[in-house]
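Me: I have a structure open and want to learn how to read its features. Can we start with how side chains group together?

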Amino acid sequence: MQLKLIKIRYYVVPVLAVVSAFLFLTFFIIGQIKDHYVDDLHKLSFNLAQGYSNSLTKMVLADDVVNQLLADKLNLSGQIIADEVENNINLDLNQLLVDLDVDEINIYNKYAVIRSSSRDSMLGWEAYDGHPVKRLLVAKDAKHYIEEIRPNYVTKEMFKYGYFKLNDSLIVQLGLSAARVQNFLDAFEMNNLFKDVLKSKGVVHVCFINNVQRIIHSSEPQLIGHLISEPVLVQNLSDSDSFGQYQDGNRGVYDIYIPVFLDEERMGTLLIGHSTVENDYFMTLLMNFTLIGIALLFAAFSYAFILIYRKNKALTLHAYYDGLTGLPNVQYLKLHLKILLARRDGHQYRLCMININQFKRVNMLYGFDEGDRIIKVLTKRIKGILYETSTLYHLSGDRFVLLVKGKDSFFDELCVKIQKVIARPFVINGKEHVLSSNIGVIRLNKESINSADLLRNLGITVDAIRDDQSNHIAYYQELFSASVEREHQIESELREVIQGIGTDRFTLNYQPQLDVLTNEIQSFEALARFHSKQLGHVSPVEFIEIAEKKGLILDLGQLILDKACLFVLTMNQRTAMRLRVAVNISGVQFLQPDFVQRVMDTLKRFDVHPSQIELEITETILMHDFSLINQKCADLIDHGIRISLDDFGTGYSSFFRLHELNIQVLKIDKAFIQNIQTESRVPLVTDDMISMAHKFGLLVVAEGVEELVQVEYLRKHACDVLQGYHIGRPMKETDALDFIQG
Ligand code: C2E
Ligand code: MG
Ligand code: MG
């Protein structure tokens, strides 16, 4: 399963949100600016209208007067024609046009069809339904009707018409052209008024609309007489508030309609058209800049988020993947397990811990670079045989965890395959090496509560496989031997000590060593003591082995050397004695390439002379690269440090090799000393060991001297130094100092 640790949508959503917010804000601001502008226009027009209101009222009044005059004129002319028709005078319509000073005469028959006209083109035209002629024909009482200015239906020219009913079968229509009306109005200087208004900045046209929505005056004469029919406008025109709108929805002209009142009686509506070109240009500019700004902003935010995304991805990779193998790490595994345990999808899952045996040794012997290289090769080999249903995790240096989904049948086969690929030889420094592995297996079931417990139990399972077993597969059982638990406890407490927690639980005791010749204490052996908070006293044999197994020995060894040096320093400061202190060195520690340097650095740090330090190594170390180890011993001796071989006689070394080895002291193991009894039936070899060692020029220390008889025997056979309970038990630092002074 591939967990999606970083979700891109977490980054996209904020970017979109921020940009949307900006977009909204920008459009809001632009809207506000536009409203403000329209408001200004409105105020301007309103003030303009106010300023001209007196003149406007006059204009409206004049318009009324003119209308009346025109109506009178039409009336009079109508009467004259009626008389002439009635008296059967032969009508010369063109002559009548001149005589009556009108612009159009039409005579309709009872079918509302023009039978005579001053314009030939009008002959035969029939009035439509609703036309004043039709209405007059059917009206009982009405005799005449004067229309507002309107366009001629045929010629489209603007006219003011009057209709006169002669009898039920004849109607006379007289027309005055709008241009003539305009001339009349000019007499009242209305045009001048409009011209003045037109001079105001941005005004492109002015109209006056009467209460029946007809344009009765306009700076554009062709509009005079137009009836406004657009429903929204008609509605707005009947309201008593001023209002404005873009002309025909087009940008470019904004029309403002301002009602004009005289003595609280509405006279009509003044329309002022303002050019918005300049403003539109400004708005477009603003809009473009804003859009560019938003685009830049979007780019900047996207860039920033991409950077953050990448950074977070890198951090996540760092947190959830192992840099060496590229495999998901323990954090990832825990997360994965948490999800699996929460989901319980009904599949079978198995968790295996693959432990590469002796891997710490590879690191110690050939360095971490070589170790890393091998881990990488192993990763590749294991991954090469896995199916999609398995996920491999790298837990730590020598441990991998495999999460397998699926049936039992192929599982064991998979484990064997894994062990086989691990066991394929490696070439290190030109030599072939073969690694083995052990696998601990745990099944995920209903009882599996949390990932920490699972991993802990898995660790216990793999640790429970005996050291001498390789390529072994062990299944987790609830009850594991107490020793595994104990080992875990010791390991975790030792880790704490190394980290500086509970350091008083870890101390050194000092056991005196007696010089047989002078009969004086000539040195101490430093012996590590560990008091577990849960297990009480733990033997160094046990915890040193655990520290070696768990890779803690380097840190612990350094801690021991530090403590021993501090003891020497204290002894030098508090007493006149300059005794030597022997420190036990673990093989792994000694095999470190920079071991000599580390020791010398430590001595320097504590200002301890090398002659006051002795290092005890054991025989097992000699199994490794002998010449390398021997060189190291020589280097240490050159620096003035004394080297002794501990527990001689229990291991593999023989006198045969002893003469080649660069050591100065041989410590005969206590088993050979404890043999020395008054009535021993075992043939003693201890005296031979002493004399042989002397032959190689070595000093001999006898360990575990408990009895007087042993002291006597050893004296007799010229043993150089005695160590054991008979001389003194390992004791605390203060007691050791008292011991040599007392
Ligand atoms: P070792 O270096 O051979 O230490 C001598 C052991 O014999 C010590 O046991 C000491 O307490 C014990 N001993 C001394 N005199 C007598 C005696 O008269 N009779 C008997 N029966 N035993 C006596 P201890 O302290 O339990 O240490 C056991 C081993 O643990 C040491 O053997 C050494 O190999 C290892 N060890 C102890 N301290 C350290 C340390 O600081 N570093 C390392 N690497 N190993 C250590
Ligand atoms: Mg020792
Ligand atoms: Mg020993």
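Reply: In soluble globular proteins, nonpolar side chains tend to be buried together. A nonpolar core here is a set of buried Ala, Val, Leu, Ile, Met, Phe, Trp, Tyr and Cys residues joined through side-chain atoms within 4.5 Å. Buried means under 20% relative accessible area, exposed over 50%, partly exposed in between (1.4 Å probe, protein chains only). In this predicted model, the largest nonpolar core has 81 residues, and Leu615 and Leu714 touch the most other members. Helix H16 (residues 553-574) gives the most to this core, with 10 residues.

Me: What is Leu615 in contact with, leaving aside its neighbours within four places in sequence?

Reply: Contact means heavy atoms within 4.5 Å. The partners of Leu615 include Val583, Phe595, Leu636 and Ile641. Apart from this core lies another, of 26 residues, among them Leu378 and Val404.

Me: How do I read a sheet?

Reply: Strands of a sheet pair through backbone hydrogen bonds, either parallel or antiparallel. Strands (E, at least two residues) and helices (H or I, at least four) are DSSP runs, numbered from the N terminus. Two strands pair if DSSP finds at least two bridges between them. Here, 5 strands form an open sheet with mixed pairing, in the order S12-S13-S11-S16-S17. Strands S12 (390-396) and S17 (472-475) are at the edges with a single partner strand each, so one side of each has no neighbour in the sheet.

Me: Which way do S11 and S16 run?

Reply: Antiparallel, joined by 8 bridges. Tyr349 has Leu444 in S16 as its bridge partner.

Me: What about numbering and the cut-offs for the model?

Reply: Residues are numbered from 1 along each chain as its sequence is written. Local features need pLDDT of at least 70, and side-chain atom pairs count only at pLDDT 80 or more.

Conventions: Chains are lettered from A and ligands numbered from 1 in the order in which they are written. Side-chain values use heavy atoms; hydrogens and water are left out.
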